[in-house]
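Keep the picture open while you read.

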Amino acid sequence: MLRIEALEKRYKTGDHALKGVSFTVQPGQVVGLIGPSGAGKSSLIRCINRLVEPTGGRIFLGDVDISAVSRSDLRKARRRIGMIFQEYALVERLTVMENVLSGRLGYVSFWRSLLRRFPQGDVDKAFALIERVGLSDHVDKRADALSGGQRQRVGIARALEQDPELLLIDEPTASLDPKTSRQIMRLICEICAERKLPAIINIHDVALAQMFVDRIIGLKAGEIVFDGHPSALTNDVLSRIYGDEDWNAQRKAQDEDAQDAAAVAAFEIDRARHLEQV
Amino acid sequence: MSAAVSISGRQWKRPPLFIHSRFWRIAIYGGALAYLVLAIGTLDINWTRVAEGLERSGRVLSGFFQPDFTSRSRDIWQGLVESLTMTLTATVVGVLISIPIGIGAARNVAPPIVYYVCRSIIAVSRAFQEIVVAILFVAMFGFGPFAGFLTLAFATIGFLSKLLAEDIEDIDEAQAEAIRATGASWLQLLNYGIQPQVMPRLIGLSVYRLDINFRESAVIGIVGAGGIGATLNTAMSRYDYDTAGAILVVIIALVMIAEYASSHIRKWVQ
């Protein structure tokens, strides 16, 4: 269980990214974090595992106050939190297996990791996870030889290899096409359900978030402006989160996308018909 | 379409880019030209000596066109082996020392104090040209290849640490961040997050430095730091131009082999 109390982040540049954010995530709950760019979504997620140092407030994962642990204990705290990144953030020149095994770095000694001699249990788990995400044929391929969707699957396997108690997911679908995005979101949500794993997903695609998550938190200018079930996300709420203009623009863009898709579909059907005639 | 209003006969001149004032432009450019003319005038060219030299250079060139590999083959061979030994050992030692210094000199992985210390080491190493360093080491450790080895290792540190540090500063931070997020220690971060990103370039630079070190070993030999350069120097002072020619041919051949091999290796490790 994750509990965040009055979390503050002010950058050296003066940007006040988080202004006293508080919420609790229950076991197995998948939370979608939405909000316009610059609302502090990315800062919030990175404060939880202290890739960004918070300037105030507390973060409890179970009984441990992550915001107060020392540098050496931070390593132990971080290994309990799996993270999945926007541009996959795989180490490009390492193999799929090495990338997945890097999820164990918080547990093994430097020498073991240097010689790539991970404990048998870790290797078994890595094979099982690679199979779970459907990449069994690519174990020894270099990460830069994979497609976007495949890379994100490796990213998911790496996070799960940590045996995390919490998943932090930063824009998992931002660089993927719509179909792959849905597949990846489905995979993440299935895995969270299988393992009763709580997750915070930072996501800009509201429609996609509504489709998959259990709870939505809306962030605006560093403050929570909505916290509830996805079905409670009305147009009013969305224009409160995104501001009237931005929300209308986003909706218009979505409408246009839908129209484009419909036009393409119609064209395909026409062409198929035409080809049949010829 | 609306008709464009055209006025013919308008003048256009490219505005002066550096010095806007007409007076200073003439003064500075004119002054520089006058200085150049006067400076050439002070070069004291002694045409009779040039004429004598022409005859000598004829002998030098004819020596080079008929290189003599045999009569001093033992000296040439010894100098060559010395140069190659010096080059290889200096490169290996230099690279091994450069790696920790390069890591320390990368702002994104080293704490500020370490960063400044390592940057200072690099600055000192890069401040002196190889020949100056060689003269110093020859004075400290005597003539011979040991001084040459130290010189080349010292120069390698400045070269490689600086480029390695810059490469580490240019890595894709997302990959390093992901490794940090798993709870990796600092050494594990270097091994998993950074090494894979900089390794091809490190290998490429090391091979390139090997190539440079071989060429430098021929030069620093002339100031007494051993190797094929020392053999060349001896041959020249003995007016033994055909042997000198042979040595030059050997150096050119080896540099070409090194050049070809290093570009090949660099392509292969990408």
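Q: What share of the 278 residues in chain A is buried, and what makes a residue count as buried?
A: Buried residues make up 50% of the 278 residues in chain A. The label means under 20% relative accessible area, with exposed over 50% and partly exposed in between (1.4 Å probe, protein chains only). A word on the source: this is a predicted model, where local features need pLDDT of at least 70, side-chain atom pairs count only at pLDDT 80 or more, and totals for chains, interfaces and linings use all residues. Residues are numbered from 1 along each chain as its sequence is written, chains are lettered from A and ligands numbered from 1 in the order in which they are written, and side-chain values use heavy atoms, with hydrogens and water left out.

Q: Why is A:I81 called buried?
A: Its relative accessibility is 1%, and the limit is under 20%, so A:I81 counts as buried.

Q: Where is A:I81 found, and which residues is A:I81 in contact with?
A: A:I81 is found in strand β6 of chain A; strands (E, at least two residues) and helices (H or I, at least four) are DSSP runs, numbered from the N terminus. Leaving aside neighbours within four places in sequence, the contacts of A:I81 (heavy atoms within 4.5 Å) include A:I48, A:L61, A:L166 and B:A181.

Q: How many helices and strands are there in chain A, and why is chain A called as compact as a globular protein of its length?
A: Chain A has 10 helices and 10 strands. Its radius of gyration, taken over C-alpha atoms, is 21 Å, close to the 19 Å that the globule rule gives for 278 residues, so chain A is as compact as a globular protein of that length. That rule is 2.2 Å times the number of residues to the power 0.38.

Q: How much area do chain A and chain B bury between them?
A: They bury about 2,000 Å², 59% of it on carbon and sulfur atoms. Buried area is the accessible area (1.4 Å probe) that two parts lose on being put together, summed over both. The contact takes 29 residues from chain A and 19 residues from chain B.
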